Structure formats: C-alpha cells, structure tokens
Amino acid sequence: MYAVQLHEFGPAANLRYEQLPSPVPGPGQVRIDVQAAGVHFIETTLRAGRAVGPHAAPALPVVLGGEVAGVVSALGPDVDESWSGRRVVGTLDSYGGYAEQAVVATEALHDIPGTMGADTAVAMVTTGSTALGILDVADAGPGDIALVTSAAGGLGALFVQALRGKGVTVVAVAGRPEGVRHAASLGADIAVDYRAPHWPDEVRDALGGRQLTVVFDGVGGVAGRQAFELLGPGGRFLLHGWSSGAATRITTDDIIERAATVTWALGPRMLHRAGSLRELGARAIRAAADGELVPLITRYPLDRAAEAHADLENRGAAGKIVLIPATASEVPA
C-alpha cells in the first residue's frame with residue numbers, strides 16, 4: 001500500500017508518499033481500505049516535532065493521521081465475520097491514518113449510514129463530535145450573541161451552522177476574504193476578517209450597541225484577546241485551542257471586571273455532559289445523516305498531503321481537510 005510517512009521533523013515538505021507493507025489487524029481489530037482520512041491542525045505541530053498539550057511528538061518514522069473511513073477488508077483473529085465488507089468510520093489508537101489501509105479497533109468504529117460519503121463521515125467522527133461537545137458546554141440559545149473564531153475552519157463551520165439552528169445571532173471571524181465568504185454562506189449574521197486591523201470596531205458597529213454573550217475561541221493569541229474584549233458583562237468565553245500558537249491571555253482581573261465565565265471546553269466537563277466520546281461521535285454522524293449539519297470539506301489526494309499541511313498552516317483551505325487515496329473506490333460528491 002501507499003502511505004504518507006514522516007522521517008524527519010520539520011516543514012510540510014518532509015511528508016513523503018511511499019510504499020509500505022499493509023498493516024495486519026490484531027485481536028479486536030479490523031483493517032480498513034481507506035476512502036477518506038482526516039487531517040487535524042495539531043498534526044502540523046506534531047509534524048514539526050513539537051508537543052501539543054498531552055500529545056508528545058511521535059517517534060519516527062511515523063504515518064500521521066488518527067481518523068479514517070472506508071470498507072473493512074480484513075479481520076483480526078477474534079473479530080466477528082459480520083464486520084467484513086462494512087462501510088465504517090473510526091479513530092485510530094495513535095497514528096497511521098494517512099494511508100491506503102489502516103488498522104482500527106472495532107470498539108472505535110461506527111457504521112457509515114446510508115449513502116453518506118466517507119469524506120463526510122471522517123469529517124464528523126472527531127471534529128463533529130468535538131463541535132457538539134463544546135456546544136453542549138456553551139448551552140447557547142435564542143437571545144445569545146456568539147462570536148466564533150476561525151469560523152471557516154472544520155470546527156468553526158459546524159459551530160456557525162449549529163448556533164444558527166438554535167436561534168443564536170452569530171458573529172463569524174475568519175482569516176482571508178474567502179474564509180469570510182464561506183462563513184457568511186453558512187448563515188453567519190455578521191462575518192469579518194480578523195486580519196483587518198480594526199475588525200473589532202466592525203463587529204461593534206454591526207452589533208449596534210448589543211454585546212457578545214458567548215465566544216468560541218480556538219485561535220488564541222491577539223485575535224482571541226480581541227474577541228474576549230468584545231464580550232459583554234456576564235458572558236461565557238470557551239477556549240478550545242490556540243491555532244495562532246499561543247493561548248488567549250486572560251487574567252483573574254479580566255474575569256472579575258467582566259463577571260465572565262472562562263471555560264476550557266474540552267476534556268472532563270465536555271465528556272461529563274456528553275456521556276462519552278463514542279456517544280458524541282454517534283450524535284455527530286447522525287446529525288450529518290439527518291442534514292442538520294453539513295461539514296465544510298476541502299479534499300486533497302493522499303499523495304498531496306504535504307500540500308494539505310502547508311495550506312492548513314497558511315489558512316489556505318476552508319473547513320475540514322480530508323485526504324483521498326488513489327485506491328478509494330468511492331468518488332466524493
């Protein structure tokens with residue numbers, strides 16, 4: 001099989017498209033012929049050799065990627081025959097997703113419903129479940145005014161859709177004009193480019209005296225701080241990442257001054273409300289199947305994974321990045 005392997009930490013160009021032996025499923029595992037593999041922003045940081053939160057830089061060489069969708073083509077020694085040939089999506093124990101074939105534990109799999117494409121399934125299994133978990137914590141509804149940073153990203157695009165469905169007024173903040181257009185097309189009431197020097201003033205003018213009640217911050221850095229300063233008294237600020245490279249700086253005095261609630265929206269609190277990551281994944285896939293959420297996806301051939309990483313780092317691609325192997329039997333719509 002072909003896979004994208006990293007031999008040396010560094011820039012996106014270090015990702016190499018190479019031929020490797022097919023993986024062999026062990027007990028409790030199946031092998032999947034991959035039709036779509038998801039890419040996450042944190043994988044660009046791991047590729048550079050830097051840890052991300054609890055995720056240490058991987059041992060080399062490594063095939064990155066933690067989520068795949070496709071067809072079960074081989075079974076581990078104790079796996080029920082009913083798994084054979086099923087269309088599934090799931091998350092890997094560690095790495096190995098950027099490949100034509102991958103091994104996944106059956107307990108991490110979901111059946112892909114109906115005619116749903118593998119690309120949609122892989123876009124929802126982790127990114128979609130994370131979005132729903134954070135939305136559960138935010139508990140936003142009619143009367144709320146929510147700002148979403150990176151609103152044209154994989155998570156942000158789902159936030160915008162879900163919040164509009166709940167009757168929330170949505171302020172979408174994205175980088176580059178194309179991102180702003182994507183966010184507006186998803187239903188954002190206000191969409192601005194955070195690279196414009198006075199974007200907070202644009203938001204204030206558009207709100208006409210109203211103030212934000214919720215902020216979803218996955219960018220951090222200067223943009224995250226600017227978003228925090230737009231938050232009205234008693235507002236909720238939900239942190240879920242720092243794609244800028246630094247988390248939003250917020251002091252105790254800041255929190256007291258605004259009577260704000262600042263929450264790290266991932267982890268135990270999210271899982272306490274949701275039940276489990278598996279339950280969130282099932283909900284996310286069902287939401288896509290029912291048409292409640294439509295992931296924004298940018299697709300790349302597997303052999304262009306390096307280009308996908310570079311575009312992701314440079315904000316050159318919208319939505320969820322998905323890699324499509326040349327061997328995929330399914331052509332995404």
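Mentor: Let's start with Ser-129, whose side chain reaches the backbone oxygen of Thr-126 at 2.8 Å. A polar atom of that side chain also lies 2.9 Å from the backbone oxygen of Val-125. Both are polar contacts (pairs of N or O atoms within 3.5 Å; within protein, one must be able to donate a hydrogen and the other to accept it, and residues adjacent in sequence count only if both atoms are side-chain atoms).

Before going on, a word on the model: it is predicted, so local features need pLDDT of at least 70 and side-chain atom pairs count only at pLDDT 80 or more, while totals for chains, interfaces and linings use all residues. Residues are numbered from 1 along each chain as its sequence is written, and side-chain values use heavy atoms, with hydrogens and water left out.

Back to Ser-129, which sits in helix H2. Helices (H or I, at least four residues) and strands (E, at least two) are DSSP runs, numbered from the N terminus. With a relative accessible area of 4%, Ser-129 is buried; the cut-offs are under 20% for buried, over 50% for exposed and in between for partly exposed (1.4 Å probe, protein chains only). Setting aside residues up to four places away in sequence, Ser-129 touches Met-124, Leu-280, Gly-281 and Ala-284, where contact means heavy atoms within 4.5 Å.

The largest nonpolar core has 49 residues; a core here is a set of buried Ala, Val, Leu, Ile, Met, Phe, Trp, Tyr and Cys residues joined through side-chain atoms within 4.5 Å. Among the elements giving it two or more residues are H2 (118-138), helix H3 (154-165), strand S11 and helix H9 (277-289). H2 gives the most, with 12 residues. As background, nonpolar side chains tend to be buried together in soluble globular proteins.

Phe-159 is one of the residues with the most contacts inside this core. Beyond residues up to four places away in sequence, Phe-159 touches Ala-131, Ile-134, Leu-135, Val-148, Phe-216 and His-240. There is also a second, separate core of 32 residues, including Val-34, Val-63, Tyr-300 and Leu-323.

Leaving aside neighbours within four places in sequence, Asp-217 is in contact with His-240, Thr-149 and Gly-224, among others. Asp-217 is buried but has no salt bridge, and the nearest side chain of opposite charge, Arg-315, is 9.8 Å away. For charge, Lys and Arg count as positive and Asp and Glu as negative; His and the chain ends are not counted. A salt bridge is a side-chain nitrogen of Lys or Arg within 4 Å of a carboxyl oxygen of Asp or Glu. What Asp-217 does have is a polar side-chain atom 3.1 Å from the backbone nitrogen of Val-219.

Elsewhere, the count comes to 11 salt bridges. One joins Asp-144 and Arg-236, with the closest N and O atoms 3.0 Å apart. This pair links distant parts of the chain, since Asp-144 is in the loop between H2 and S8 and Arg-236 is in strand S12 (residues 231-239), 92 residues apart. Asp-144 counts as buried at 11% relative accessibility, whereas Arg-236 is partly exposed at 22%.

Another salt bridge brings together the side chains of Arg-225 and Asp-254 (2.6 Å, N to O). Arg-225 belongs to helix H6 (residues 221-229) and Asp-254 to helix H7 (residues 252-258), 29 residues apart. Salt bridges that share partners join Arg-225, Glu-229 and Asp-254 into one network.

One last stop is strand S6 (residues 101-105): 5 of its 5 residues are buried, so S6 is largely enclosed by the rest of the structure. Gln-101, Val-103 and Ala-105 point one way from S6, while Ala-102 and Val-104 point the other way. S6 pairs with strand S3 (residues 29-39) in the antiparallel sense over 5 bridges; strands pair if DSSP finds at least two bridges between them. Opposite Gln-101 in S6 you'll find Asp-33.
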